[in-house]
Amino acid sequence: MLVNLIRYLAGYVKFEFSGGFSEGFLNDCYAAGLNIKNIKAKNGSVTAQADVRTYKRLHKFAHKNGGAVKITKRCGIIFLLSPLKGRYGFAAGLIFYIFFISFMGTFIWNITVTGNDRLSSATIIDYLEQNGLKVGARWADIDKESLEFAVMAEFSDVSWISINKIGSSAAVEINETVEKPAVEDSSQVTNVKALEDGVIVKVTALGGHAEVKAGDAVTAGDLLISGIYESETDGKNYFVHAHGSVIAQVGRKVSLYVSREQSRKNVLYTKEKKSLYLFSTVVPLGFGFDKGSYDIEIENKMLLINSYLLPVGIISESYSYYETNQVLLSDSELRALAESELEKYEQSKFADCKIIAKDAEYNLNEDGCNITAEYTIETDIASETQVNIVTESES
């Protein structure tokens, strides 16, 4: 394989000898020490292969034996490049391209993270960048083994990590630790009591004896699931760890206030600023920005070749300059804002509940809106409490 590669780089020709004494031609070539390969005889002629220098010496032996040689095929890179002879700019560009690709291959162009679930890729990449592994860093400057140990020491969720060099990319593979499930102390005797007043909807007793059923009304502190009970089957007394869920309908009352006076942003003008991003280095393509309050939107357009994201591109920053004004809302605007604030409250406070009924009142005045809302929701009111067992010896 290596010999064939060297022959291709050096170049060789396939030729044919015809019109003369073939055996004499071949004998003279071997006597002169010429290296001829793949000799084949066909219809009184001879075909073979030889390098370019050897082929030039074949003509005198061909004439000596009454024949002639001619090239049937030219092979090798030397013949592919021959049309470019004299085109020094192309040659210089090719040499520069080969040097550039080889040189850039010594740097990290991209970082990918796989295998992570609980830890975000951004968190891992940020830590790696703080410790030297970042876009634009030289591979020769990275101590992968030490960095892998440092990551495992920093993040308890990481049980194994491997930093692999794939071309100019750093492929980070991670295995996370398996979370141990929380283990309840089932040896403790407990009861389940109500956290608040309500009407029972569903009781799921995973341990202990249910003391209430659907439709029962309870108050805060009532016993819902008992950890001390007498079995109906064998008549024995049991002391167990009572637990489970008790879904009940409960009432909630909410009071909120929304001011009529609100701050509004008035956009004055916008400006765009572009920067060149090259291997984690940002080069501004403009001069500064104005003073004042502004909102900014950033768009990164990186060079993409064959689905491969390169660390070269343009960063566009759009600055929206504004002034803040105090405005008084109309009644319709104030009502809409109040409804929006109440909805946000529901999403925040009742995220794990089911809203069954809602009655909201919006009282508008010169200064703002007072919101009063009454809810009926379904929620879990179960709360475990430990039972202290006093033995006769302790008493």
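# Close-up views of a predicted model

**Overview. The whole chain.** The protein has 9 helices and 22 strands; these are DSSP runs, with helices (H or I) of at least four residues and strands (E) of at least two, numbered from the N terminus. Its radius of gyration is 42 Å, well over the 21 Å that the globule rule gives for 395 residues, so the protein is more spread out than a compact globule. That radius is taken over C-alpha atoms, and the globule rule is 2.2 Å times the number of residues to the power 0.38. Along the principal axes, the C-alpha trace spans about 125 × 75 × 40 Å. Of the 395 residues, 29% count as buried. Buried means under 20% relative accessible area, exposed means over 50%, and partly exposed lies in between (1.4 Å probe, protein chains only). Among contacts between residues at least 6 apart in sequence, 67% join residues at least 24 apart. A contact means heavy atoms within 4.5 Å.

This is a predicted model: local features need pLDDT of at least 70, side-chain atom pairs count only at pLDDT 80 or more, and totals for chains, interfaces and linings use all residues. Residues are numbered from 1 along each chain as its sequence is written, and side-chain values use heavy atoms, with hydrogens and water left out.

**View 1. The largest nonpolar core.** This core holds 25 residues. Ile200, Val218, Leu224, Ile371, Tyr375 and Ile381 touch the most other members. Strand E8 (190-194), strand E12 (223-226), strand E15 (243-259), helix H9 (331-349) and strand E21 (368-380) each supply at least two residues of the core. A nonpolar core is a set of buried Ala, Val, Leu, Ile, Met, Phe, Trp, Tyr and Cys residues joined through side-chain atoms within 4.5 Å. In soluble globular proteins, nonpolar side chains tend to be buried together.

View 2. Leaving out residues up to four places away in sequence, Ile371 touches Val254, Ser255, Leu256, Val258, Ala338, Leu342, Glu361 and Tyr362.

**View 3. Two stacked aromatic pairs.** The count comes to 10 aromatic pairs. Phe17 and Phe25 form a stacked pair, 4.2 Å centre to centre with 0° between the planes. Phe17 is buried, at 0% relative accessibility. Phe25 is buried too, at 1%. The rings of Tyr229 and Tyr238 are also stacked, with centres 5.8 Å apart and planes at 20°. Tyr229 is partly exposed at 22% relative accessibility, and Tyr238 is partly exposed at 30%. Rings of Phe, Tyr and Trp (its six-membered ring) pair if their centres lie within 6.5 Å; planes under 30 degrees apart count as stacked, over 60 as edge-to-face and the rest as tilted.

**View 4. A tyrosine cluster and a lysine over a ring.** Tyr269, Tyr294, Tyr319 and Tyr321 form one aromatic cluster. Lys265 lies over the face of Tyr322, at 4.6 Å from the ring centre. A charge sits over a ring if NZ of Lys or CZ of Arg is within 6 Å of the ring centre and within 35 degrees of the ring normal.

**View 5. Ser162 in strand E6.** Ser162 lies in strand E6 (residues 158-166). Ser162 is buried, with a relative accessible area of 15%. Its side chain makes a polar contact with the side chain of Asn164 (3.0 Å). A polar contact is a pair of N or O atoms within 3.5 Å; within protein, one must be able to donate a hydrogen and the other to accept it, and residues adjacent in sequence count only if both atoms are side-chain atoms. Not counting residues up to four places away in sequence, Ser162 touches Glu148, Ala171, Val172 and Glu173.

**View 6. Gly19 in a loop.** Gly19 sits in the loop between strand E1 (12-18) and helix H2 (22-31). Gly19 is exposed, at 67% relative accessibility. Gly19 and Gly67 are 48 residues apart in sequence, yet 4.5 Å apart in space, C-alpha to C-alpha. With residues up to four places away in sequence set aside, Gly19 touches Gly66 and Gly67.

**View 7. Asn38 in strand E2.** Asn38 is found in strand E2 (residues 37-42). Its phi is near 50°, a positive value in a residue other than glycine. Asn38 is partly exposed, with a relative accessible area of 48%.
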